[in-house]
Amino acid sequence: MTLLTYLRRKLGLTGTKLGCAEGGCGACTVMLSRYQTHTQQLLHYAVNACLAPLCSLHLVAVTTVEGIGSVARKLHPVQERIARSHGSQCGFCTPGIVMSMYALLRNNATPKMADVEEAFHGNLCRCTGYRPILEGYKTFTGGCCGGRGRDNGCCLANGNTAEKPLEEDDDESPSLFNAADFAPFDPTQEIIFPPELMSLTKGQGSASLRFHGDRATWLQPASLDEFLRLKWKHPDARVVVGNTEVGQSVAHKQYNRVCVCVCVCVCVGVVFGAACTLSHMGAVLRQEVETRPPHQTQVFLAVLEQLRWFAGLQIRNVAVSLPLLTSTQFVSAFKQSPRREDDISTVTAAMSVTFAPGTAVVEDLRLSYGGMAAVTALAGKTAARLLGRRWGEELLQDACSSLAEEMTLDPSAPGGMVTYRRTLTLSLFYKFYLTVLHKERGGLSLSPLSSLHLSLSLCLTYQAVPEGRGQDDVVGRPMMHLSALKQATGEAVYCDDVPLYENELYLALVTSSKAHAHILSIDSSVAEAMPGVACCVFAEDIPGSNAVGPITYDETVLADGQVTCVGHIIGAVVADTQLAAQRAAKAVRIQYEELPHIITIQEAIAAQSFYQPIRTIESGDLEAGFKQADHILEGEMHIGGQEHFYLETNVTLAVPKGEDGEMELFVSTQSASKTQLLVAKVLGVPANRVVVRVKRMGGGFGGKETRTTVLSTVVAVAANKLKRPVRCMLDRDEDMLVTGGRHPFYGKYKVGFLNSGKVVALDVSYYSNAGNSMDLSLSIVERALFHMENSYSVANVRGRGFVCRTNLPSNTAFRGFGGPQGMMVTESWMTDVAQSLGRPAEEVRRLNLYVEGESTPYNQILDQLTLDRCWDQCLQRSGYQQRRAAYACLCVCVCVCVCVCVQAGALVHIYTDGSVLLTHGGTEMGQGLHTKMVQVASRVLGIPCSKIHISETSTNTVPNTSPTAASASSDLNGAAVVNACQTLLQRLAPYKTLNPKGSWEDWVKAAYFDRVNLSANGFYNFDTNSGRAFNYFTYGVACSEVEIDCLTGAHKNLSTTIVMDVGHSLNPAIDIGQVEGAFMQGLGLFTLEELHYSPRGVLLTRGPGSYKIPAFGDIPTQLTVSLLRDAPNDKAIFASKAVGEPPLFLAASVFYAIKDAISAARVESGVSGPFRLDSPASAERIRTACCDRFTKLVQ
């Protein structure tokens, strides 16, 4: 049993969250404390509770997020500061981040910013964009008060920070938070280590331990001799130190029996015992570096550099002899991985050269590579050839030629990227060659990208609240997320935190291992006979209809006779525990007859496998436009898919009510009403028998709009069959396998343009990979077509959209809903136009921008256009012209905000004590919707927010709701809330007139005693206008500057400036958080995140170990976010605009800045003109595009 399971299921401490079960996200972080008898000191360290075996914690104190503070008692400063600095949105990752910071402070009460950054190497957040978390916790470092120029102690006021960014206004907006309001941090008031544990530790010393269970035996030796005896006796036993490897194996492979041994050793000098933690090794080496001569410690520095990027601190805290060097020895180590922080390497290298004394002649050379074979590979032949040679250009040429011959890989080598990996062997040697030359001449180590700490520089601007407005009117003010404090203390309840019912069961899915096949037989006899199993569920157990889908009923709840993707749900096993259910599910045996399958877009095009209809938008005369053009170019681009990676995976708890077929479901979903309807359809009952409740979600991003019913319908069928509560929360690998993600797109274009750069004709075709069902794919490709010209005026245009039917799990909605893919292709051909003319890209983009009054290809006239203002402000704030020499690229984005034909409802109760209960049709997933709705109700009713409460979203309070999606929820639900509140105000108006000096409570009581209805429904629907596809547009512009390493393909995000038109913001703190979070999610889409499938349709990237989302270190070093001022929007609530989706595409500015930098590198190699760069711009793609002598050697 893991510590996490014990905390959540045995003790009911649900503040510690399950995010991935492999130690890659940090949601389960807790602090362990141990008394060290040999040093007589306490050691505090953060670990992943999902990997920590409970039996390994003998004599260890465990501190969880609940233990350091609570809303009811007293908040710890760590909890308060992340909440009040707006660093918690969905909140699912927040307890883990809190505990990582808390563990740091327990060891170092005054950390440096570098320490804070390192503490978060093992934590991920999908919502915030990380900036507010770092800003809040920077206040612990003494380097920044967060006061934005207030009280001379702030770094921005006393000059102790970096130079102010160029974009900073004289009338800078007030800070989003005031650090002066934070409770002081007093390290002397922390929880003490339990005296009983200290006494036991001192008394027992090193004692052997043995724990024996039904399936495993845990042996903990007290000495090396005992360990060796145990290993001799149990040769097949797995040796465990931190459980970071075996823990994952047990979780994912379900070993039937594991016998493990734990060995504990200590380090002495610079010889490290086998079980010494990497964190301790780093501390010892840093001390050695400070005390020894520099030439002796090159090995230590090389190891320290690699330790910085090895896993997260939680892993390093739970897991060699290093020599001293002479002045003629040089050592370097290198690591290249998709993401710098906490990532598995693509290729690593350690290199050592020794020169003959007083010369540069090679006396000894050792070159070792990881990632080039099953074990570490030594380039022995190359090293031997170079002995006795002088360290110079001729040696370099011969070394690279020899390495290209020696370091080969089979084309089918595991891990792929064969050409890239071979290129890296040469590139890393070249880095070593330059480093040695530099050191030989007395210089410092060359490592320009890896050595950069964040040193975050920040500037935020927004529309300040007009003077004279009362403090009680909170609309437009940076109000904290209503649940932020509860999220920071672990008290916020998510779906899987609902207490266990007395007779509750757990469900595990049985899924297909084939992409396309007939099911010949299903044998569940072994599974049903296993301990704890209640039953198996298959298609024949469905009492209603097995046909489901969000729009078209082209899916099945459970496969019936045929599977159409790997991960297709065939059945389920229900048992008394999660572990029992999962073990039994793996025991179900299925026989298949495989059928031909289609996996990729290219395969679908070749087979003409498309869903109908094929959509087309056309405007102008395309033939005449191409005749008018001075130049015509053609190109293509592929945009990869993206996993939602909400920190809370899909979860459902179904509770039969015992009569009339009633059922209550607790679901993490963006679409409560759709879940209600489909569950009722599957159960064969009317919708009024099913109630769906949503308290909050740990992230959604569109992934929980339609695909949650894949799980909730199965759980409901099982609960209905057994008449008992049934729960299921998918593991991360299951969720990624089953639910689908953002649609991969392939775009082909032909563009005609004049010598001036003006585009006059465009013919573009989009192909999306929909997967094995339609889901929302047709609407998504339509949205891509609506964005095919982005923000550029093109007189003659045709766009066609093809929805490819493949044998992958159905792809679905994702923040942007096809818009980012459509606009990405647009920016590709716009970049090609600029490159083919040899003109600056920003000049060509500016020339083609829309102007007020122009018409889109779908005949919508643009009014209230703020695009030019966003553009000009972004240029000015970013200092674009000054930065241009550093390969900055300007990218402009126009995004659709609100689609027509939608509706919303609200229900408002006023109780006799004056408190207000508000319910609306939207769901809370971290975007701050509930907070904004309380602000709206507060303004309309004229009462403080403290009097208003939102409990949850449920189908029995507000029926027939629209999904919380498309960035429209504030507009729609806000209008419905206004409608309900205005109704109540009208009813209270006579009592306010009779008693104008009375209080809100007086008016409410008077109305109650007069038998006035103090409950009101609100409703809003958008009345469509013919010819207007969208209600209004949201505009944004971003400028980003990057630095690329042409040898490895790594890149660093140096600066980003964003100007976003969100109208009059309802809540600047929440809206800026949405801008930053969307931007970072887009950064992942365009530069980092890659889904890899096998040729047989198996998803290979399932979990944070293989699928990398942006981490803390990926934030631009300098970040400026500005909400455009004086841009009211008369088409939405209180002149605001939607903000959730539009900013995501602004991250394309980073992609095209990278492409601009690659172009410069190609020019140096004698290659110029347009070139294809697919998305994401991974290190592999960047390095391959930077063609040079090394890439030619391995071709």
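Author: Contact here means heavy atoms within 4.5 Å. The model is predicted: local features need pLDDT of at least 70, side-chain atom pairs count only at pLDDT 80 or more, and totals for chains, interfaces and linings use all residues. Residues are numbered from 1 along each chain as its sequence is written, and side-chain values use heavy atoms, with hydrogens and water left out.

Reader: Which residues does Gln873 touch, not counting residues up to four places away in sequence?

Author: Gln873 sits in helix α28, residues 867-878. Helices (H or I, at least four residues) and strands (E, at least two) are DSSP runs, numbered from the N terminus. Beyond four places away in sequence, Gln873 touches Val1059 and Leu1124.

Reader: How far apart in space are Gln873 and Val1059, C-alpha to C-alpha?

Author: In sequence, 186 residues separate Gln873 and Val1059. In space, their C-alpha to C-alpha distance is 7.0 Å.

Reader: Which residue in β37 is the bridge partner of Cys1039?

Author: Strands β36 (residues 1033-1044) and β37 (residues 1051-1060) run antiparallel, joined by nine bridges. Two strands pair if DSSP finds at least two bridges between them. For Cys1039, the bridge partner in β37 is Thr1057.

Reader: Are α30 and α31 roughly parallel or roughly antiparallel?

Author: The axes of α30 (residues 929-941) and α31 (residues 969-994) come within 9 Å and cross at roughly 30 degrees. Axes are lines fitted to C-alpha atoms, for helices over the stretch in contact, and angles run from 0 to 180 degrees between N-to-C directions. Angles under 35 degrees count as roughly parallel, over 145 as roughly antiparallel, 65 to 115 as roughly perpendicular and the rest as oblique. α30 and α31 are therefore roughly parallel.
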